[in-house]
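Colleague: I am new to reading models of this kind. Could you go through this one with me?

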Amino acid sequence: MLEKITKFGKSRYFMFIVPLFALIVGIGCENQHYDERLQMRLQQLDSDLKDRWSTSGVVVLETTPNGPADKAQLERGELISYVIAEYPIRSTGDFNSALKKGLEEDNNLILYLKNKPPLRIALRRRGDKVGLSVEGNGTVRIKQIQPGTPAANADIQVGDIVEKIVDERKIYSLDEYKEILGKLAKQQVTFRTSELIGVKIAAVTALGDLGDARAIESLVDIFRNNTELSLRKASISSLQRLVELSVLNELFQQFQDANVNVLPADSLQAQQLESAAILGLLTVDRTENTATLKAPFGTQFRHRSEALYEKINEGQLAELAQEYIQIKVEPDQEIRRACLAILGILKPVSAIDPLVAVLENPTEIPGIRFQAGVALRQIGQPAVDALIIAFESEDTSTKDIAASALGGIGGIKARDRLIKALENTSEPAIQLTLVDAIAKIGDAPSMQALERQRQQYQNDDDSGIRIFLDEVFKSLTQKSM
Amino acid sequence: MKKIGLVFLLVLFSVGCGTQNENLAKGKELIKSDKRRKEERAVREFKLALQQPMDNAEAHYLLGFYNSQEFYEPNTPDWESASIAERGKQMFLAYQEEKGKYLERLVFETLRDDDLDIQNAALDALKRVYKQADRKRLLSQLQKAIKSSDNRDRHNAHWVLGHLGKDDPNTIVPILVKLLEHGRTETRLNAVKALGEVGSEDAIPALAVIIESGSAKWERDREEPEVRQLAVEALGKIGGAAVPELVKIVENKGSSLRVDAIRALAVLGDEKVVEPLLDALKEQSSRDVTIPLN
């Protein structure tokens, strides 16, 4: 054999070897099939896909340029799960033969009557009658409906015009595909393709975990345009993870600049270290004073961190999140929450107004309004003016959230406004919120203001605010001890 | 009643004076009893038994089995001598005195114990057998175990083979690869797992064959889904050189293991996978495509 192959160039061996080679290739690829008519190569699915992902069909491996499949823009990688045959009805002969072909195998077809929605006709047993007869040429009408048949139970009247019969056939294997297409040789066919949502969700999740800047465009595209909610949810949570990773850039740059995977823990910013540890990127050993990037992900990510940081800070994501925190844009609350979280991390000043709008929106879920307040608190000082305006609102929830956010941000302006409000209100619910917010700021003027309140309510035993103030002072003195 | 007890003691005594190692017998008796701290006391007896010239194999074995660092103050010589490695060594000494008996006992009995320390000591002993003694016989026992009808044996054998393979992949990987053809699904399953634990690149082609068999025309040529899934996991554990093979799975639109491959790749964090993942996202959504007759 070896000798023969070395003499490959000689024509008498060539004639022998080529068919042999073709045979070997043929045997090796029995899970593939080239459709001569449509000019495309198809591949059988792994048989367990049916059980694991309830997916069946055949996959398009390649289409021959300018062949029928290519011209119809069927693409490489598409999963054909149904073959649909359409039979136009122009005579009683058309009707009877379409009925026969359509019911073959699956006892199931779709009847299109003029001015009526498509009717699915299913027989219980093979050989059962549909119960219809027709008449006419060119225009075919229902002539008779037999009682006690599927047709009698459907919305069909004598005189209805039959337009076409459609037969959808689910494909389970390459052999089935060949068989069905063989029967439809002189027929126009439609393929129904399925999207492999499971694979896409896994890919989207993996892209979030990998922390690679190149993923952002695709994730945004899926998030904006895909109709599958589960996939959109996976996309936004991957984007959230990428944002979380990107804010650790400063930390990862220190490793990257030193070109090491271990650094003294006390040389790094504590809060970033903690976040990175929570995300599983590194481990911190305080007794040894080391921060060690975890292999393989942490050690690989340091090379990608800067590109991710730059891409995230182009502003596209902040814009996206601002748009999708609105209930009128995004009906899914999990997605709105993810967008609020993204804004809380990115802290764009441009998000202040949209966030205040969410906070003030009475139709929004209370938890989400509160989360908008948290995002504003994370933005900090630039949000103070807008929060003070929101605090003027009549709505107690808005007042409550705004006051609590102002307390979280602190600063002279926020503090003075809160103190003033406390001194001018006698509404118990608002008083409590304000006391809590002012206590959070906790500087000398704040404490003096709270002390004044305590004295004012000193003799009022039943007052909620007095009890609450006592609690506040008690916990503060405990802290200072 | 008392009399019977007395007679029993006398018999024990005479046996002890005869061929039996007295301390060994005492230790074994303690283990069977429900006395307080019986194991700690038995270990003391086994140590004494070893100072006598007879029945050393069993004393070594039982010392390795029952000794524990919990009995001693940390960092004392006794504590050191109760480490997993020292216990493994005692088990190995037992093996050296009675090879056939203790090899079988280690593989089919000791490894089955619930105590993780005992399992690890047995593993240590078997590693010593592999390095210093009858490697061939050990491997044949382990192959017998991985082909066993008892799941515990199969699991234990895969665990030991995985560990041995880390030190000597050149010998172990071909053995495991050959087991991939075994008739019992669970045996193949454990062989695949062991190949993952060995983590040798040499296993990649054999794992690839299993993975690709999913679309074979005949059912008999298709490997079971759970074995194929584990083969993908094994590729993930091998990492590095297995990345292209995992990428190939992601790119095979007909594969049932794409999700598994994607997950394995995400754990590896290799950036070579970003492009194939982005490609997967570009795949068309569900739609109807009509191909006109001409």
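Some questions and answers on helices, strands and the contact between the chains follow.

Modeller: This is a predicted model, in which local features need pLDDT of at least 70, side-chain atom pairs count only at pLDDT 80 or more, and totals for chains, interfaces and linings use all residues. Residues are numbered from 1 along each chain as its sequence is written, while chains are lettered from A and ligands numbered from 1 in the order in which they are written.

Colleague: How are H9(B) and H10(B) oriented to each other?

Modeller: Helices (H or I, at least four residues) and strands (E, at least two) are DSSP runs numbered from the N terminus. H9(B) covers residues 135-146 and H10(B) residues 151-167; their axes come within 7 Å and cross at roughly 140°. Axes are lines fitted to C-alpha atoms, for helices over the stretch in contact, with angles from 0 to 180 degrees between N-to-C directions. Under 35 degrees counts as roughly parallel, over 145 as roughly antiparallel, 65 to 115 as roughly perpendicular and the rest as oblique, so H9(B) and H10(B) are oblique.

Colleague: Which residues of H9(B) make the contact with H10(B)?

Modeller: Two residues are in contact if their C-beta atoms, placed from the backbone, lie within 7 Å. On H10(B) the contact residues include B:Asp153, B:Ala157 and B:Leu161. On H9(B) they are B:Leu142, B:Ala145 and B:Ile146.

Colleague: How many residues of the contact of H6(B) with H8(B) are charged?

Modeller: H6(B) (residues 84-97) and H8(B) (residues 116-132) pack at about 55° with their axes 7 Å apart. The contact includes B:Arg87 and B:Lys89 of H6(B) and B:Asp117 and B:Asp124 of H8(B). Ala, Val, Leu, Ile, Met, Phe, Trp, Tyr, Cys and Pro count as nonpolar, Asp, Glu, Lys and Arg as charged, and the others, Gly among them, as polar. The contact of H6(B) with H8(B) has nine nonpolar and two polar residues, and the number of charged ones is five.

Colleague: Which element gives the most to the side of chain B that touches chain A?

Modeller: The contact takes 50 residues from chain A and 35 residues from chain B. On chain B, H16 (258-268), H17 (274-282) and E1 (287-291) each supply at least two residues. By class, this side of chain B has 16 nonpolar, ten polar and nine charged residues. The most, seven residues, comes from H16(B).

Colleague: Which residue of E1(B) stands opposite A:Thr193?

Modeller: Two strands pair if DSSP finds at least two bridges between them. E10 of chain A (residues 189-194) is joined to E1(B) by five bridges, and the two run antiparallel. Opposite A:Thr193 stands B:Arg287.

Colleague: What is the bridge partner of A:Val59 in E4(A)?

Modeller: In chain A, E2 (residues 40-44) and E3 (residues 58-63) run antiparallel, joined by five bridges. E3(A) is also joined to E4(A) (residues 79-88), by two bridges, again antiparallel. The partner of A:Val59 in E4(A) is A:Leu79.

Colleague: Which residue takes a positive phi in the hairpin of E12(A) and E13(A)?

Modeller: Four bridges join E12(A) (residues 282-285) to E13(A) (residues 290-293), which run antiparallel. One bridge pairs A:Val284 with A:Ala291. The hairpin has four residues between the strands, and the residue with a positive phi, near 55°, is A:Asn289.
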